[in-house]
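Welcome, and please take a moment to look over the model shown here. The notes after it are meant as a friendly first tour.

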Amino acid sequence: MFRYIFGGVLTLWDILIPIIVGVVCGAGGWFGGYWYRRNIAEAKVAKAEDAVKQMIDAAQKRAETIKKETILEAKEEVYKLKSENERENRERRNEIQRSERRLLQKEELLDKKIEAIEQREENAVKKQKEIEASEAEINEMKARQLKELETISGMSMDEAKDILLESVEHDARHEAALMLREIEQKTKEEADKRARNIVSLAIQRCAADHVAETTVSVVALPNDEMKGRIIGREGRNIRTLETATGVDLIIDDTPEAVILSGFDPVRREVARIALEKLIMDGRIHPGRIEEMVEKARKEVDVQIREAGEQAIFECGIHGLHHELVKLLGRLKYRTSYGQNVLKHSIEVSHLAGIMAAEIGANVTLAKRAGLLHDIGKAIDHEVEGPHVQIGADVAKKYRENNQVINAIMAHHGDVEPATVEAVLVQAADAISAARPGARRETLENYIKRLEKLEEIANSFEGVDKSFAIQAGREIRIIVKPENVNDADTIIMAKEIVKRIETELEYPGQIKVNVIRETRAVEFAK
């Protein structure tokens, strides 16, 4: 059977030997692989163990290094802290030592001062005792001397005291007068210098035009034949013109001229314009005259309003009532001592404003009050009373403030000025009026004023002669030296000034100069 299958006859060993060989070979291979894997695993384990040991050794070394570095850093920090504390302790000890030294020095100084004070007190007590002893000795000597003086002079102590007091009083009065004169001179020099600067600056900066007008106006004629036409048949034309204007026409031998005379400057201006229009027109009869007079009135009203507006514009004033503006314009045709009142008012406004600016006062108020101070003169020929009161009433009527009203009432000294601006208006009014050539004065009034000046001066006891000089701006008084001493001249000058201010009215100021002169005359023979 076996031989049939495998092509021959097989024995059992033939079958078992390959199986045994296969089994032996499989077992050997298994043991060999096992041994090989075991050796490789052991080698890997040993290698891993070596790596772990190396890592542990490195970690230990690193830990030792970090430990040493940390210990060193801690030691260094401790050393630093210790050094810093030692330094601070040294500084504190040094500061304490310095403070102790200063305290010791102060204590030593205090001890020395206390010793010096005690020594001074001892010396003061000794000096006080010496002074008391000296005073007692002096009083005793004084009593003995007084008794001896009373015995020698034959006067009691009270009588001698009265004589001494009289002598001292006389000396004191003399010294007081000298002091007063010196103080007044210094004050006057300073005040005059300051006032001159302010006033001169104000005058230099105020360059207003001035017009001196009179109570008459002259109208030029093309020829003398025109006079007959103005008179008219039986004088009807001239009568109509005089009746319509309220102005007198003077037709005389003056060649080619007609004179208009009237105290109302507005009416005179209306008559002048109407007459000039009639002359240019050539038709002169009563109907035409009335027509031209009416046109002239309207034209003058326009001129008055424009003059008022120009005045407030020139002075820089705002918010003025329109009726006050018209009254200001009427001042253009009003004169006072030959000085145009509107020009004078504008000049006063400028001067007061400039002086107010110099001293730091209210410039607007000063200029407003200066412009309105003579507003009463616009209607003083229509309303009774002084122009000051009229002006104040008009200002009240048109709601001007109380400071402006006070300045109007005070500019001639009728009431006391309530503000510094009112005083400036007074000064500006005096400057404008006293300017040479600003006003004209009649010869009669001028002579009366000079005579009154000399009369006041001569009424004082001890006056020898007096002379009013410089057009009444100065009075020179010669006193008798045997009756008036140097101190009395100062008192006399003040009293004369008071009399002049009380009894006289004058523009500007008057200088009172009292002169005392002593002469010794001998003749050589």
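R399 sits in the loop between α11 and α12, in a predicted model. Its phi is positive, near 60 degrees, in a residue other than glycine. R399 is also exposed, with a relative accessible area of 78%; exposed means over 50%, buried under 20% and partly exposed in between, with a 1.4 Å probe and protein chains only. Helices here are DSSP runs of H or I with at least four residues, strands are runs of E with at least two, and both are numbered from the N terminus.

**Reading the model**

- Residues are numbered from 1 along each chain as its sequence is written.
- Because the model is predicted, local features need pLDDT of at least 70 and side-chain atom pairs count only at pLDDT 80 or more, while totals for chains, interfaces and linings use all residues; side-chain values use heavy atoms, leaving out hydrogens and water.

**The chain as a whole**

- The chain has 15 helices and eight strands.
- Of its 525 residues, 29% count as buried.
- Among contacts (heavy atoms within 4.5 Å) with a separation of 6 or more, 61% join residues 24 or more positions apart.

- Helix α11 spans residues 387-397, and its buried residues include H387, V388, I390 and G391.
- A392, V394 and A395 are also buried in α11.
- These buried residues pack against α8 (322-330) and α12 (402-410).
- R399, with its positive phi, follows α11.

- E234 has a positive phi of about 55 degrees although it is not a glycine.
- E234 lies in the loop between α4 (225-231) and α5 (236-245).
- At 73% relative accessibility, E234 counts as exposed.

- N237 belongs to helix α5 and is buried, with a relative accessible area of 5%.
- Leaving out residues up to four places away in sequence, N237 touches several residues, among them R229, I230, H285 and P286.
- I289 is another residue that N237 touches; the two are 52 residues apart in sequence and 7.7 Å apart in space, C-alpha to C-alpha.
- S345 is part of helix α9 (residues 341-359), and S345 is buried, with a relative accessible area of 0%.
- Beyond its neighbours within four places in sequence, S345 is in contact with L331, G370, L371, H373 and D374.

**The cavity**

- The structure holds one cavity of 30 Å³ or more; a cavity is a set of points on a 1 Å grid over the protein atoms alone where a 1.4 Å probe fits but cannot get out.
- The largest cavity contains about 40 Å³ of space, where points are joined across faces, edges and corners and the volume is the space filled by probe spheres set on them.
- Its lining, meaning residues with an atom within 4 Å of a point, consists of D264, P265, V266, R330, R334, K377, A378 and H381.
- Three of the lining residues are nonpolar, one is polar and four are charged; Ala, Val, Leu, Ile, Met, Phe, Trp, Tyr, Cys and Pro count as nonpolar, Asp, Glu, Lys and Arg as charged, and the others, Gly among them, as polar.
- Where does the largest cavity lie? It lies between domain 3 (217-302) and domain 4 (316-434), because both give residues to its lining; the domain bounds come from an automatic or database assignment.

Technical notes:
On a 1 Å grid over the protein atoms alone, a cavity is a set of points where a 1.4 Å probe fits but cannot get out, and a pocket is an open set with protein on both sides within 12 Å along at least five of seven lines; lining residues have an atom within 4 Å of a point.
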